[in-house]
Amino acid sequence: MFDLSILYNPNVLYVILGCLLMSVSASTVGTFTFLRKKSLIGDAVAHAILPGICLAFILNGTKNPLYLIPGAFLTGWLSILLVDAITHHSKIKQDAAISIVLSVFFGTGIWLLTVIQHSGMDNQSGLDAFLFGKAAALTSFDVWVFGIVALLLIAAIWAFYKEFQLLSFDKDFAQSIGYKTQLLELLLSGLTVLAIVTGIQAVGVVLMASLLIAPAATARFWTDKLHVMIFIAILISSVSAIIGASVSYIVPSMPTGPWIVMVLSLCAVLTFIFAPGRGIVVRWLKQRRNQKQMLEENILKTFYYLTQTTSDTDKAYYKLTDIQKQRALRESELNKGIEALIRQGYISRERDKGTKQELYSLTKEGLQQGKRVAHLHRLWELYLTEYLHIAPDHVHDDAETIEHVLTPELQKRLETILGNPEIRPEVK
Amino acid sequence: MDAFWIILTGILVVASSSILGCFLVLRKMTMVGDAISHAVLPGIVLAYLFAGERNSILMIIGASGIGLLTTFLIEFFHKKGNVQEDASIGITFTSFFALGVILISYFAENVDLDQDCVLYGEIAYVSLDPLLIGDIEYGPKAIWLLSFVFLMVLAVIIPGYRSLSLTTFDPNYAQAIGISVTLWHYVLMSLVSLTTVASFESVGAILVVAFLTVPAATAYLLTEKLKSMILLSILFGVLASIIGYYLADFSNGSIAGAMATASGILFGIVFVGKRLYDRYHRLTTVSQN
């Protein structure tokens with residue numbers, strides 16, 4: 001079933017090379033459309049190309065790409081302008097404008113395509129390759145075209161790198177320092193349409209969106225720098241293109257485009273879940289750690305308030321219900337927190353000899369920790385009331401969250417600002 | 001008779017989808033509807049493999065399940081993963097669609113589905129597949145299926161109208177008075193999935209998007225009230241079906257494609273007309289002042 005020798009066939013090399021070049025173009029411009037939050041406009045352009053191709057064919061009667069590509073380019077670009085016009089001149093939002101343009105252009109394209117097919121015009125077969133792509137049938141001519149387009153795109157982005165960067169991150173600023181943003185946007189959308197028009201021949205209308213979006217969205221998780229992001233996007237899409245194109249030859253009757261997309265999506269989903277720093281797993285763990293820390297600090301603080309109400313601070317023993325009276329904590333949560341605090345040596349547990357009840361007390365370190373949190377809480381309240389003049393009954397909730405994140409450096413600055421106030425914990 | 005069945009099919013698809021489309025347009029979620037319509041493909045293929053025929057109940061349920069999964073994944077990557085919403089939509093639906101195409105290629109011998117049919121359906125053959133009970137024909141199967149879906153949509157939207165409109169216009173207030181925003185989100189999305197799957201064979205995965213969005217958006221241009229928006233969108237949808245049918249008949253092209261074109265033309269006329277009317281109206285009020 002698996003026959004690797006087929007990969008040495010020159011036709012196969014054309015396909016792999018073609019897919020590779022097309023992916024490089026798509027992911028480079030895709031990075032900019034992604035950053036400008038216009039990814040789905042790429043989807044609309046991909047669909048809007050179909051009627052352009054059909055019209056060009058009807059007018060000229062040939063499948064010569066020199067006629068078809070300008071047609072495709074025209075309707076593709078028109079679709080971007082129409083989405084902008086609809087959102088600017090009516091209350092229709094961008095998502096609906098994209099859907100309208102996408103589905104109507106595509107519907108018209110399908111209608112024209114079927115009209116052509118039923119009309120018996122010569123030489124019409126193969127036009128529908130644009131619907132699903134014809135990656136497996138790429139020729140050396142296609143590879144040359146893809147290569148030239150890729151070079152053109154990269155050269156244009158190289159030349160206007162600074163302008164495009166500013167346009168993507170801060171359009172208003174770009175405008176204010178005298179960049180012709182409208183012209184730049186026109187150029188960038190032209191490049192996007194160009195990448196889509198070529199890419200669509202390999203993977204088809206529907207899947208084109210993936211080649212634009214997925215590499216950029218994946219790369220975004222690994223870096224904050226634009227040039228690194230473009231580099232990673234190109235890398236990911238190249239690897240996907242090579243794997244996807246190879247699979248379709250190694251396993252018989254497998255389509256190329258969908259496999260490229262599957263590899264891209266796999267990279268994207270794995271990144272979303274496992275990427276260090278920004279991935280779902282890492283953020284979930286971080287969140288859990290914060291919640292645990294907050295719970296523990298809150299328990300220590302409550303213990304500390306309790307000890308302040310009794311005169312003999314060293315020998316204060318409490319039941320769990322005493323804590324719950326002060327602070328609404330679920331029993332399971334409280335138990336978990338207490339166990340962790342006992343392990344860390346902040347709380348000690350004893351059993352009352354008479355009543356056989358479990359009693360808890362703060363250790364010396366626990367007392368210190370509880371005092372620290374209560375101190376930070378009060379410090380923040382003071383800062384809000386004294387320095388920012390916020391009403392005293394509005395500051396408690398804010399202090400409840402801030403007390404867990406104030407660092408010693410911030411604490412010192414707050415104390416300096418407030419003139420090293422004497423802080424007595426407020427007993428609740 | 002064929003013309004009657006075809007137009008009726010178009011009208012049934014358009015009626016269900018324009019009602020749902022109004023909510024999608026107002027919730028700014030039309031692209032999620034678009035994503036669902038593509039993503040149900042693997043569900044349709046798998047269900048078809050198991051059931052061995054089209055239009056089975058299993059197919060509808062299986063594929064609608066994938067539609068809901070799509071909605072969930074888009075939300076999940078967006079909310080939990082901090083992925084930009086447009087990217088989350090784009091990646092999710094292309095993955096499912098690619099999976100569907102791969103499944104079709106892999107099971108090509110067992111699955112009588114082709115890719116063209118997925119993209120633009122074949123409404124013209126609706127009347128070739130009648131519902132048979134015993135030896136008696138009870139009209140096209142698709143009509144029964146689409147009527148069932150339309151009734152389902154009505155059965156949910158009419159009693160749930162207040163909750164749906166509240167969660168659409170003011171989700172915070174709805175939440176405050178105890179209406180679950182999440183629940184109604186998923187109810188709406190289930191209906192969208194159901195409609196998409198039931199319509200896919202007659203109008204195809206992509207053209208159902210035209211019916212979900214275009215009539216609703218056309219109506220949205222003309223009115224502020226939800227009820228009149230729904231009624232107007234159905235009217236525009238029905239008009240588009242009828243005009244589209246005769247356009248296709250005249251030009252010998254795809255009926256579904258022509259219907260989408262017709263809905264686009266209607267949108268264009270209303271859009272331009274509204275602009276001209278507004279400009280004229282403004283001029284006259286200015287000159288009166």
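**Notes on the predicted two-chain model**

1. Let's start with one residue. A:Leu82 is found in helix α3 (residues 65–89) of chain A. Is A:Leu82 buried or exposed? A:Leu82 counts as buried because 20 other C-beta atoms lie within 10 Å, and the cut-off for buried is 20 or more.

2. For contrast, have a look at A:Asn420, in the segment after α18 (408–417) of chain A. A:Asn420 counts as exposed because it has 10 C-beta neighbours inside 10 Å, and exposed means 12 or fewer.

3. On the layout of chain A: the domain assignment gives domain 1 (4–275) and domain 2 (279–428). How far apart do the C-alpha centres of domain 1 and domain 2 of chain A lie? They are 56 Å apart.

4. Now the nonpolar cores. The largest has 187 residues, and those with the most contacts inside it are A:Cys19, A:Ile49, A:Val101, A:Met208 and B:Ile44. Helix α4 (residues 94–119) of chain A gives the most to this core, with 13 residues. Another core lies apart from it, with 19 residues, among them A:Leu306, A:Ile338, A:Tyr346 and A:Leu362.

5. A:Met208 deserves a click in the viewer. Leaving out residues up to four places away in sequence, A:Met208 touches A:Ala46, A:Ile196, A:Gly199, A:Ile200 and A:Val203.

6. Over to chain B, which has twelve helices and two strands. Read along the sequence, the pattern is α-α-α-α-α-α-β-β-α-α-α-α-α-α. Chain B has 289 residues, of which 52% count as buried. Taking contacts in chain B between residues at least 6 apart in sequence, 72% join residues at least 24 apart.

7. One helix of chain B to trace by eye is α4 (residues 57–79): its 23 residues reach 33 Å from first C-alpha to last, close to the 33 Å expected at 1.5 Å a residue. Which residues of α4(B) are buried? The list is B:Met59, B:Ile60, B:Gly62, B:Ala63, B:Ser64, B:Ile66, B:Gly67, B:Thr70, B:Thr71, B:Leu73, B:Ile74 and B:Phe77. The buried residues of α4(B) pack against α2, α3 (41–51), α5 and α9 (181–203) of chain B, together with α12 (256–274) of chain A.

8. How many residues does each chain bring to the contact? Chain B brings 52 residues and chain A brings 46 residues. On the side of chain B that touches chain A, α2 (30–39), α5 (85–106), α6 (115–120), α10 (207–222) and α12 (255–288) each supply at least two residues. The largest share, 13 residues, comes from α5(B). By type, the residues on this side of chain B divide into 28 nonpolar, 19 polar and five charged.

9. Last, confidence. The predictor gives the complex an ipTM of 0.91 and a pTM of 0.86. Chain B averages a pLDDT of 86, and 87% of the residues score at least 70. Where is confidence lowest in chain B, and where is it highest? The lowest mean, 64, belongs to α6(B), and the highest, 93, to helix α11 (residues 226–251) of chain B. Bear in mind that α6(B) is also one of the helices supplying residues to the side that touches chain A.

Conventions:
Residues numbered from 1 in each chain as written. Chains lettered and ligands numbered in written order. Predicted model: local features only at pLDDT ≥ 70, side-chain atom pairs only at ≥ 80, totals over all residues. Contact = placed C-beta atoms within 7 Å. Helix = DSSP H or I, 4+ residues; strand = E, 2+ residues; numbered from the N terminus. Nonpolar A, V, L, I, M, F, W, Y, C, P; charged D, E, K, R; others polar. Expected span 1.5 Å × (residues − 1). Domains from an automatic or database assignment. pLDDT = per-residue confidence, 0-100. Core = buried A, V, L, I, M, F, W, Y, C linked by C-beta atoms within 7 Å.
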